[in-house]
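Here is a short report on one protein model. Look at the structure first, then read on.

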Amino acid sequence: MNIHLDNKFDTRYYLTEIDKTPTSIFCYHKEISEAYVVEHKHNKAQFLYCEGGIVYVKIGKDTFYLPARHYMWIPPHTEHSIHPNTPEVIMRNLYFPINEGDHAFYKKVGIYPTDGLLLELLLFSNQWKGDIVSENRSEYVIAQAFKEILPKVSKNSLRLALPLAHDERLKKIVQFLDDNMDSSITMKKITAEFGFSERSLSRLFQKDLSMTFVQYFTILRMLRALQLLIDGSYSISEISTMVGYNSLPTFSNTFQKVIGVRPTDYSKKKDIL
């Protein structure tokens, strides 16, 4: 292990170190000290886990939302920037060399729930810093095993991403949805508010965002619910109402479908590390 790191992220330092040893597995677990990590890419793939808040990862036109108890896989050579919602967020990173014959899993962006086995391995990785090379056999074998089990325990990538609206009319609608989430918003009410027919609004969502109105608004609501759960100031019943659900079971079922776990389970385990 040949790198000593400070207690805060220093992007000017660590981004230059990831690919310095092409065959190493690089480990970096620290609190972010900057408002964001600038757009960058690296030759290695990235396993990114966060705790203490939500991290937003921007890739192209999409903004991915990475909550606690989930990890994001970022393939090699993928340009991305990282934006925490609070300076207290701790990011845990492992960077892996990817070979041409590796599993297709490693070549796709994805967000996945983190199971108990991965959490145990991630907790074990707290003792690692910087390059893990094959000469350090025990650490390298464990780190390599971490990579190898990912496709086996990560079956379903979650759609925790919302594209940015480009159409000026749609930008106003999206902002309205964000500002009025606690109301009983329907497509009919939106069309009346902004002077669209339901058919033309549906076409606009599909053309600009490649999503339906219902898909977009459902994900937007669940991402807000995630933020409120992490904040810890409200009960699940209160959060359900705040994001526009009159039925707690419907909210819980929708949350599980989008996030991968029920809100009760998520709130208990969001800061397990």
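## The model

This is a predicted model, in which local features need pLDDT of at least 70, side-chain atom pairs count only at pLDDT 80 or more, and totals for chains, interfaces and linings use all residues. Residues are numbered from 1 along each chain as its sequence is written, and side-chain values use heavy atoms, with hydrogens and water left out.

## The sheet

Six strands form an open sheet in the order S9-S6-S3-S8-S1-S10, with antiparallel pairing. Strands are DSSP runs of E with at least two residues, and helices are runs of H or I with at least four; both are numbered from the N terminus. Two strands count as paired if DSSP finds at least two bridges between them.

Strand S9 (110-113) and strand S10 (130-132) are the edges, and each pairs on one side only. From one strand to the next, the twist averages 20°. Axes here are lines fitted to C-alpha atoms, for helices over the stretch in contact, and angles run from 0 to 180 degrees between N-to-C directions.

## Strand S6

Strand S6 (residues 70-74) is joined to S9 by four bridges, and the two run antiparallel. Met72 has Ile111 in S9 as its bridge partner. His70 stands opposite Pro113 in S9. Four bridges also join S3 to S6, again antiparallel. Here Phe47 is partnered by Trp73 in S6.

Is S6 enclosed or open? Five of its five residues are buried, so S6 is largely enclosed by the rest of the structure. Buried means under 20% relative accessible area, exposed over 50%, and partly exposed in between, with a 1.4 Å probe and protein chains only. His70, Met72 and Ile74 are buried on one side of S6, and Tyr71 and Trp73 on the other.

## Helix H2

Helix H2 (residues 116-124) lies across strands S1 (25-31), S3 (45-51), S6 and S8 (90-96), at about 95° to S3. Its buried residues are Leu118, Leu119, Leu121 and Leu122. Seen down the axis of H2, they fall within an arc of 165°, so they line one face of the helix. The arc is that of the directions from the helix axis to the C-beta atoms. These buried residues pack against S1, S3, S6, S8 and helix H3 (137-153). Contact means heavy atoms within 4.5 Å.

## Two domains

The domain assignment gives domain 1 (10-153) and domain 2 (165-268). Such bounds come from an automatic or database assignment. The contact takes 10 residues from domain 1 and eight residues from domain 2.
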